[in-house]
Amino acid sequence: MESLLIKNAQIITMNAREEIIKGDLYIKDGRISSIGASFSGTAADHIIDASGRTVIPGFVQTHIHLCQTLFRGKGDDLELMDWLKKRIWPLEASHDEESIYYSAMLGIGELLQSGTTTIVDMETVSHTDFAFQAIAESGIRALSGKVMMDKGNEVPAGLQEKTAASIQESVGLLEKWHMYDSGRIQYAFSPRFVVSCTEELLREVQKLSAHYNVKVHTHASENKGEIAIVEQETGMRNVVYLDHLGLANERLILAHCIWLDEQEKRIIRERGVNVSHCPGSNLKLASGIADIPGLLNDGSSVSLGADGAPCNNNLDMFNEMRLAALIQKPIYGPTCMNARAVFKMATIGGARAVGMDHEIGSIEIGKKADLAILNLNSFHTFPSYDVDPISRIVYSATRADVETTIVDGRVVMENGRMKTINKETVLKEADASIKRLLSRTAILQ
């Protein structure tokens, strides 16, 4: 693996002291070897002059659906259950191997181009192996898994699974992909949500998660209608039911968590459950605004995710950070959810959620070199004098300001040019793929 020297940068470390350093970064064998004022005499295979640039930890997004990137613009202006039944489920059911691959590549290209280096991804029922192939080729760091759905009303035939088959396929994918490329790819069991899963399946997922020591990634308490279904079927609210099944623990990544009661908040805090806040998706689907300040004040683990392209409609962490900060202020006041709190959620908080805060999420000697280099020399980010650099990033910067993205010490984008993904091919095949999928399904209007 080649060595890399990044020179003359402003380095936002996000270490325990939240130091901001002016100087150089030396990366060897995929890890940060040195941080200091100048390594001018140091030899390196690749040198990046970052004069006037800002280096940050790569963003960690803890809730993404790569399989849905092809559906951008196909699920607008609907609430969750209609969005699923009328648009997303029929489209997911129509996927083939090629469309899954290019949907994943399209999403990964967008993520890498906007500084995200790690994702927690939930795929659909079939063809997940081809999403893993895209993840492997692109160089992004990911926890991913096939979605598990063994019950539910109005579910297309292509998404209907038998319990045993769902479990068997999930374990097979885990055994093939978990810890691939020295752990850059990991597996996460991905039951869709309680509405789509039998108790038998969820209990088996709990056992398998403990046996393999891997994450469980699912949705909960996103929508009032969803909660009503769960209460009718189980006699319990979402988080209480998951806790009843033994799933509520530090291995659980729970997307959304908008409509929690006090008992559920207590379970999340006491069990160490990781909440993935998705403000863009929550607003677009009219689901609501999660009480993130309350969860953070309780000491709960909260990170950020863009969710999927058809409910956002982008996978941009800059957008999620800004929304996460702004939507709480009318309720809790202007000092609530300050820039530093939000930036932590996007970096070290996400790393903590995936159990990798000892490896990623901050710029420290010995950690993996997952980084983004920003050019903040633009009209929309100036003046810079006497302005907190983190405030500039959260409130002023955009994904267009990302010049270079590095994962595991490997430069996957430099000066805006993708190195691991053929952009022209992906865009062409994405259009061809969605055209093919739409010809297979009559999306309900």
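The legends below accompany an overall view and several close-up views of a predicted model of one protein chain.

**View 1. Overall fold and dimensions of the protein chain.**
The secondary structure of the predicted chain amounts to 17 helices and 18 strands, and its C-alpha atoms occupy a box of roughly 65 × 45 × 40 Å along the principal axes. The radius of gyration is 21 Å, which agrees with the value near 22 Å that a compact globule of 445 residues would have. Of the 445 residues, 62% count as buried, and among contacts between residues at least 6 apart in sequence, 74% join residues at least 24 apart. The chain exposes about 16,500 Å², of which carbon and sulfur atoms supply 48%. Its side chains include 46 positive and 57 negative ones, and the centres of these two sets lie 2 Å apart.

**View 2. The largest nonpolar core and the surroundings of Phe343.**
The largest nonpolar core holds 115 residues, and the members that touch the most others are Ile108, Phe189, Met321, Phe343 and Ile393. Helix α2, residues 97-113, gives this core its largest share, with 9 residues. Apart from this core lies another one of 16 residues, including Ile6, Ala9, Ile363 and Val411. Beyond its neighbours within four places in sequence, Phe343 is in contact with Ile12, Met14, Ile56, Phe59, Met321, Ile390, Ile393 and Val394; two residues of this list, Met321 and Ile393, are also named among the core members that touch the most others.

Met14 lies in the loop between β1 (4-12) and β2 (20-28), and its phi is positive, at about 60 degrees, although it is not a glycine. Most residues other than glycine have a negative phi. Met14 counts as buried because its relative accessibility of 6% falls under the 20% limit. Leaving aside neighbours within four places in sequence, Met14 is in contact with Glu19, Pro57, Phe343, Lys344, Thr347, Gly361, Ser362 and Ile390. The C-alpha atoms of Met14 and Asp291, 277 residues apart along the chain, are separated by 24 Å.

**View 3. Ala286, an exposed loop residue with a positive phi.**
Ala286 is placed in the loop between α10 (279-284) and α11 (292-297), and its phi is positive, at about 55 degrees, although this residue is not a glycine. Its relative accessible area is 66%, which is over the 50% limit, so Ala286 counts as exposed. Met14, by contrast, is buried.

The peptide bond that joins Asn312 and Asn313 is cis, with omega about 10 degrees, and Asn313 is found in the loop between β14 (301-304) and α12 (317-326). A cis peptide bond also leads from Phe382 to Pro383, where omega is near 5 degrees, and Pro383 lies in the loop between β15 (371-374) and α16 (389-396). Most peptide bonds are trans.

**View 4. Thr117 in strand β7.**
Thr117 belongs to strand β7, residues 116-122, and is buried, with a relative accessible area of 0%. Not counting residues up to four places away in sequence, Thr117 touches Gly58, Phe59, Ile140, Arg141, Asp370, Leu371, Thr405, Ile406 and Val407. One of these residues, Phe59, is also in contact with Phe343.

**View 5. Lys215 in strand β11.**
Lys215 lies in strand β11, residues 215-220, and at a relative accessible area of 12% this lysine is buried. With residues up to four places away in sequence set aside, Lys215 touches Leu143, Tyr187, Ala188, Phe189, Glu250, Arg251, Ile253, Asn274, Ala353, Val354 and Gly355. One of them, Phe189, is named among the members of the largest nonpolar core that touch the most others. The C-alpha atoms of Lys215 and Gln186, 29 residues apart along the chain, are separated by 9.0 Å.

**View 6. Ser38 in the loop between β3 and β4.**
Ser38 is placed in the loop between β3 (31-36) and β4 (46-49). Its relative accessible area of 47% makes this serine partly exposed, because that value lies between the 20% limit for buried and the 50% limit for exposed residues. The C-alpha atoms of Ser38 and Phe59, 21 residues apart along the chain, are separated by 26 Å.

Definitions and conventions:
Residues numbered from 1 in each chain as written. Predicted model: local features only at pLDDT ≥ 70, side-chain atom pairs only at ≥ 80, totals over all residues. Heavy atoms only, no water. Helix = DSSP H or I, 4+ residues; strand = E, 2+ residues; numbered from the N terminus. Rg over C-alpha atoms; globule rule 2.2 N^0.38 Å. Buried < 20%, exposed > 50% of the residue type's maximum accessible area, 1.4 Å probe, protein only. Contact = heavy atoms within 4.5 Å. Areas by Shrake-Rupley, 256 points an atom, 1.4 Å probe, with all protein chains shown as cover. Lys, Arg positive; Asp, Glu negative; His and termini not counted. Charge placed at Lys NZ, Arg CZ, Asp CG, Glu CD. Core = buried A, V, L, I, M, F, W, Y, C linked by side-chain atoms within 4.5 Å.
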